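Biologist: I would like to go through the annotated positions and the ligand surroundings in this entry. Could we look at the structure together?

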Amino acid sequence: MPVERETPAPRGPRRIRVVGAAGSGKTHLARESAAILGVPRLELDAVFWAEDWTLRDVAEAREQVQEFLAAHPDGWVIDGNWRSRLDGMLEPGSPGGADVTVWSRVRRTHRGAGVRPAVGAGRGAGVAQRTDRDAVTLTEAGPALTTLGVVPLIARIDLRGRRLSARELRAVVPRAELDVEAATSAVEPILADVRERGGAALRDYAERFDGVRPEHVRVPAQELERALASLDPALRDALTTSAARVRQGHEAQLPPARTTRIAPGAVVRQRWVPVRRVGLYVPGGLALYPSSVVMNVVAAQVAGVEALAVASPPQKENGGLPDPGVLAACALLGVDEVYAVGGAQAIAMFAYGATGSEDVDGEVLCEPVDVVTGPGNVYVAAAKRAVRGVVGIDAEAGPTEIAILADAGADPDHVAADLVSQAEHDPNAAAVLVTDSPELADAVDDALEARVSATKHSERVRAALGGPQSAVVLVDDLESGLDVVDAYAAEHLEIQTIDAAERAERVHNAGAVFVGPYSPVSLGDYLAGSNHVLPTGGCAHFASGLGVMSFLKSVQVIEYTREALAEVTPALSVLADAEDLPAHGEAARART
Ligand SMILES: NC(=O)c1ccc[n+]([C@@H]2O[C@H](COP(=O)([O-])OP(=O)(O)OC[C@H]3O[C@@H](n4cnc5c(N)ncnc54)[C@H](O)[C@@H]3O)[C@@H](O)[C@H]2O)c1
Ligand SMILES: N[C@H](CO)Cc1c[nH]c[nH+]1
Ligand SMILES: [Zn+2]
């Protein structure tokens with residue numbers, strides 16, 4: 001039986017007026033909002049214009065509006081401007097008027113919705129603050145409505161009283177609409193183009209996606225030195241601390257070389273050999289990630305990789321170079337090959353190499369690498385999936401996910417804080433709470449309301465919490481909760497239950513597990529000593545986080561004496577004959 005996400009109970013304003021300039025997306029916003037709320041919609045253009053594109057008589061038009069209001073006292077969405085003709089009708093505060101007015105407006109290349117509160121309108125209303133980077137999420141009605149407090153921030157999935165098979169569980173756990181598979185078609189032409197046109201394509205994509213055409217695709221050495229020299233001392237100390245702790249954690253991962261004596265004179269040895277050259281991706285679209293420099297670089301260095309190259313998106317604010325904090329972190333860790341390249345194009349550059357297109361590039365801008373690692377958005381993850389085989393990759397480390405398994409004893413404010421902390425990465429980030437306590441779920445809903453309104457990236461967080469990838473999942477008991485989190489296979493899983501340590505040991509599928517009340521995910525993001533580059537989108541069913549093993553290959557070394565070979569030659573010959581490969585047996589018999 002299919003499991004539905006719960007229809008949210010109406011809470012805030014239900015009578016919504018959408019206004020905005022022509023082409024600002026108000027029709028779309030109104031249509032979507034009405035569908036989400038389950039209320040009727042009235043388009044004022046259809047009221048004030050008659051069929052033959054003459055203006056309808058004002059009195060007649062107003063009467064139509066009045067009839068609509070009278071027929072739907074419980075809620076509606078009305079879009080269109082027509083202020084002067086309405087003469088105050090529909091204004092917040094007027095009889096039967098709107099609870100709230102939403103402006104849909106075009107902002108540079110993205111459309112966005114602003115919110116003007118009605119007198120006495122529901123909580124949470126206010127002019128939405130946003131940056132251009134956030135604005136893209138506001139084309140959606142969901143975030144606009146959660147801003148208004150009309151729908152809850154996060155959906156509920158109630159699995160109580162249901163026994164689901166492993167396959168059914170995998171189908172009901174929340175997942176993003178734009179997954180790696182869906183993003184693949186967007187990145188394939190980019191990969192092919194970079195392979196073909198090298199530096200010229202890299203500059204074109206920087207202009208298109210990052211809003212700046214870098215003069216230097218490879219960051220000049222003096223810019224790395226300059227960034228390190230101007231690094232804020234507190235940040236330098238924090239990066240140094242982080243690198244030392246991560247180094248310590250990763251040194252413990254180094255596998256020992258093993259020699260096994262299979263029989264007298266028969267030796268098999270396992271050597272661990274680092275790959276020679278690696279490409280390390282450091283994201284930089286919505287937020288900036290010096291910490292991802294630490295995670296990538298330290299793991300590769302501890303593994304013993306000889307040549308490390310880093311790529312991070314060019315920043316318009318930094319003249320087409322990557323973020324100064326990213327550059328400084330590279331310099332601090334001794335990496336001098338850094339590229340101002342973001343997204344799928346960076347992954348292509350590393351996988352195929354890139355020819356230069358300008359004098360500053362030289363003939364070869366970037367040599368191909370053996371392994372590409374690092375986190376990024378869904379396009380980066382899709383590009384890594386596409387080049388796998390040409391190069392090695394670590395896990396698909398796409399949009400951040402947090403799952404929390406919590407019981408009634410968990411602190412709802414801490415749970416909310418941790419959900420918000422990861423939701424702030426990306427509108428596509430996922431936040432999932434799995435609990436056997438409806439009381440905790442309600443308390444977390446309330447704590448989220450307070451935290452989301454107050455947090456800096458509230459629009460991005462609302463979009464992440466309100467997306468299909470996020471939910472509060474109610475279960476009968478913690479055993480069922482464990483089944484749900486195993487089916488979900490989160491990048492990060494927090495266990496906030498009374499028996500956290502024992503329960504954590506029973507988790508099969510998670511990139512990293514954070515145990516007990518004092519191990520928030522943000523600790524692992526920066527300086528727990530673990531790595532924050534972790535598998536997403538269910539890949540934790542089979543993949544591990546970034547670590548020294550991501551950069552090591554094992555080489556088996558076999559050395560037998562004549563006697564040891566002679567001892568197994570009869571069995572070897574039988575096997576060779578059984579496979580109709582008699583020359584295999586002859587190669588052994590020729591020696592013994
Ligand atoms: N799983 C992990 O280990 C982990 C760790 C840290 C961060 N993250 C995630 O990394 C991501 C960082 O994302 P970001 O966007 O801030 O930076 P990013 O560097 O990953 O992506 C920016 C690039 O995306 C590309 N891009 C944007 N829109 C595109 C489109 N429509 N088509 C093709 N390419 C497009 C552009 O090239 C741009 O340079 C977040 O999702 C965050 O959650 C994951
Ligand atoms: N939470 C991210 C991993 O998904 C890592 C990170 C870096 N900076 C802050 N957080
Ligand atoms: Zn984080």
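Biologist: In which helix is Gln345 found?

Modeller: This is a predicted model. In it, Gln345 belongs to helix α14, which covers residues 343-352.

Biologist: Is Gln345 buried or exposed?

Modeller: Gln345 counts as buried because 30 C-beta neighbours lie inside 10 Å, and the cut-off for that class is 20 or more.

Biologist: And what is Gln345 in contact with, leaving aside neighbours within four places in sequence?

Modeller: Its contacts are Ile190, Val194, Ala201, Leu202 and Tyr205.

Biologist: Which residues carry the "binding site" feature in UniProt?

Modeller: The unreviewed UniProt entry lists Tyr281, Gln345 and Asn377. They are spread over 97 residues of sequence yet cluster in space, with a largest C-alpha distance of 12.8 Å.

Biologist: Where is Tyr281 found?

Modeller: Tyr281 is in strand β9, residues 277-281. Tyr281 counts as buried, with 31 C-beta neighbours inside 10 Å. Beyond four places in sequence, its contacts include Ala311, Val372 and Val380.

Biologist: Turning to ligand 1, which residues come nearest?

Modeller: Of the 31 residues around ligand 1, the nearest are Gly285, Gly342, Gly343, Pro375 and Gly376. By class, the shell has 15 nonpolar, 13 polar and three charged residues.

Biologist: Which helices each supply at least two residues of that shell?

Modeller: Those are α9 (199-210), α14 and α15 (378-387).

Biologist: Why does ligand 1 lie between domain 2 and domain 3?

Modeller: Ligand 1 lies between them because domain 2 (157-162 + 399-529) and domain 3 (180-393) both give residues to its shell.

Terms used
Residues numbered from 1 in each chain as written. Chains lettered and ligands numbered in written order. Predicted model: local features only at pLDDT ≥ 70, side-chain atom pairs only at ≥ 80, totals over all residues. UniProt positions renumbered as here; feature names shortened; annotations may be inferred. Helix = DSSP H or I, 4+ residues; strand = E, 2+ residues; numbered from the N terminus. Buried ≥ 20, exposed ≤ 12 C-beta atoms within 10 Å, placed from the backbone. Contact = placed C-beta atoms within 7 Å. Near = placed C-beta within 6 Å. Nonpolar A, V, L, I, M, F, W, Y, C, P; charged D, E, K, R; others polar. Domains from an automatic or database assignment.
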